[in-house]
Structure formats: C-alpha cells, structure tokens
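Subject: Structure handover

Hello,

Here is the structure I promised you. Please open it first, then read my notes alongside.

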Amino acid sequence: MNNSALFLQRFGLRYPIIQAPMAGVSTPELVAAVSEAGGLGSLALGASSVEQARKMIAATQALTNKAFNVNVFCHLTPTRDAKVEQAWVDYLSPKFAEFNAAPPVQLSEIYQSFLDNPEMLALFLEMKPAIVSFHFNLPAKHVVEQLQSQGIYTMGTATNLAEALLIKEAGIDAIIAQGIEAGGHRGMFNVDADDEQLTTYDLVQLLSQHIDLPIIAAGGIMDGQDILIALEKGAVAAQLGTAFILCPESAASDAYRQKLKSQEAANTQLTAAISGRPARGIVNQFIRIAQQENCPKIPDYPIAYDVGKQLNAAASQSGSDDFAAHWAGQNASKAREMPAKELIKVLVKEMNI
C-alpha cells in the first residue's frame, strides 16, 4: 500500500482531496459536506475565540461523524512599536477620510496565537478533532505530544525545506507543503527571512526527497489534473482552498464571490498591507497603496489587520469592496460555482479514479 493509500485509510477518506482551512470562509456546513463526500474538510479556527471554536467544532460534529481537520495560527507574539503603528495609520488616514470615517486611535492584537492560548489546547483535548494543523509556526513539542496522546493527528505548514525539517523535529505527523501559488497567508515561520518562493510542485518534490513524512500539496491546485500532478510529485493528498470559495456552503460574501467570478480573479499578488503578513489576494486598491514608494513600514501581524479590517468596514459602508481581503490563489479564475459535494465528484471524475 502506497503512502497516499495509507493516509486515506487512516482517516476513512475515499479521495486524496483536502478542503483548505480558510478563516472567514470555511463553515461547519462546508467542512461536513466535503468530509461526507469522501474528502477531508478543514475548519479554520485561527480567527476564532475558544467559545467560537467550541461552537464550530460541535456544529461540524453534529453534521458529520467523518474525520475533519481544525487549523490554528501559531504566529509569534507581535512586536509593538507605537511609531510604526502610528505611521501606518497616518499613511491610511486619507482613505479613512475619503469614506467619512475616523482612523483608529489605538490598535490591538485581534487574533490570539495558539502559542499563547492554553484554553484552545484544552478544548482540542476535550473535543478530540481527528486532525489539528498549524500555520505560521509550531507549538512546543510537549503540546504536540499532548494532542497525539489523545489520538489527534497533527500537521504543520512549510514553505521551504528548513521549515519542513523543523516540523519533523517537532514530532508532527505530516507536512502541508505550501507553494507560492497559494491564496491567503503564507505559512512562513519568519516573515523577515528571504522567501524562497518555491512552487507547489517543486516544494513537494523537494520535501519528498528529503523527509519521510506524508506530504500534502497546497497552492494553486484547482482541478483533478492538478491533483494528479501533485500525487505524481510525491504528495499523499492535495489541499484546495480557492476552489471551494464559490461553493454555496462557504461563508464568502457576495462581493467576494463576484470578484472571484470576474476577470480580476486572474490578477493576484502577495501583500503584507492588509494583515501585516504576506498573503495572496485579488489585486485591489489596498494592495496597490502598499506598492507606492512612500509606503511606510507595515506593523506586525495581526496589528496591521486591525487597521485593515477597520478600513474595509469604512469602505464597505460607502459601497466600496476595494479594501477587502479577497484571498485567492494564482489559478483563481478556474474556480467553479457548485455545491461542495458536486465539486468533489467533478474533481474525482477529472482524476479518472
């Protein structure tokens, strides 16, 4: 039995298809639909409080008894710098004024890292989701061991070989190989390090040559042919995010859906402007603002995200969606609008399995 078959067998999956966790987009309904259809659904909890996470896990468990993944953010505690933060707010102030809104007076760390959240760990140990995956970094080895002691499988995101080796060293069970094509936030451990910008397939091939752990391909994968190539390169499964955004079960807004169905979806870029961390989204005015020569240093994640969300709220009230985080991968224009169950069927048909 090959590695892919072993991975599928472990979680009772029929197909090597994982729906990516997407904060603000993935819902219990989407996760359950994917898992019920034979793939692996993923619940994004990085932007959730412990109480919100409890409700979402419970809602998903009520909809399916199949395995699903829960994902958390493991970003390091942000460095607060009042001057940097004020300079960023000042730089964006004309835009707030354009929408008749006052810029924020103070900023906060809107998302708590899993590294600083023992209550979230306790929740997982209590509710025992099949899989817990980590983004932006890794928890301590003893945390990983606590999860595994309850039968919980663990996965960590890597964008290069060095991060993948740290995942193996931490005793984590599998690696999500996130290529440069991926929509949403880059899983880089250190945002100040040079980004090797490896493509999904190159990264999967590199990791499979050096590390004997199951590898999941993530980034720019939109159809059955893409999945097959990922498996040929050494992946046990493929993780698709943007491909599921247009499913009716997702929580994507109407504006987000319209943007993804427009010609603009073909133009995505990495930016730190919206959140303070590199993330790939459909190019809009917010992304273009950060490309100007006089753009100041952007505050750390998620401090910058506090400003970004407030600016988007002000813009939205004035009827503009040009400051939203419309995260999307490089092949976003290939997204298809259909129920998640149907999308899984289409992907499987395209794979000829």
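First, a term: a residue is buried if its relative accessible area is under 20%, exposed if over 50%, and partly exposed in between (1.4 Å probe, protein chains only). Helices (H or I, at least four residues) and strands (E, at least two) are DSSP runs, numbered from the N terminus.

Two notes on the source. This is a predicted model, where local features need pLDDT of at least 70, side-chain atom pairs count only at pLDDT 80 or more, and totals for chains, interfaces and linings use all residues. Residues are numbered from 1 along each chain as its sequence is written, and side-chain values use heavy atoms, with hydrogens and water left out.

Helix 7

Helix 7 covers residues 161-169. Its buried residues include Leu161, Glu163, Ala164 and Ile167. They sit on the same side of helix 7, because they cover an arc of only 160 degrees around the axis. That arc is taken from the directions from the helix axis to the C-beta atoms. Among the elements covering these buried residues are strand 5 (153-158), strand 6 (174-178) and helix 8 (200-210).

At the start, a side-chain oxygen of Asn160 comes within 3.2 Å of the backbone nitrogen of Ala162. Just after helix 7, Gly171 has a positive phi of about 80 degrees.

Thr200

Thr200 lies in helix 8. Is Thr200 buried or exposed? Thr200 counts as buried, because its relative accessibility is 1%. Its side chain makes a polar contact of 2.8 Å with that of Glu181. A polar contact is a pair of N or O atoms within 3.5 Å; within protein, one must be able to donate a hydrogen and the other to accept it, and residues adjacent in sequence count only if both atoms are side-chain atoms.

The cores

A nonpolar core is a set of buried Ala, Val, Leu, Ile, Met, Phe, Trp, Tyr and Cys residues joined through side-chain atoms within 4.5 Å. The largest one has 101 residues, and Phe124 and Phe244 have the most contacts inside it. Helix 12 (residues 303-317) gives the most to this core: seven residues. A second, separate core has 16 residues, including Ile18 and Ile176.

Contact means heavy atoms within 4.5 Å. Leaving aside neighbours within four places in sequence, Phe124 is in contact with residues including Leu45, Phe114 and Ile152.

Best wishes
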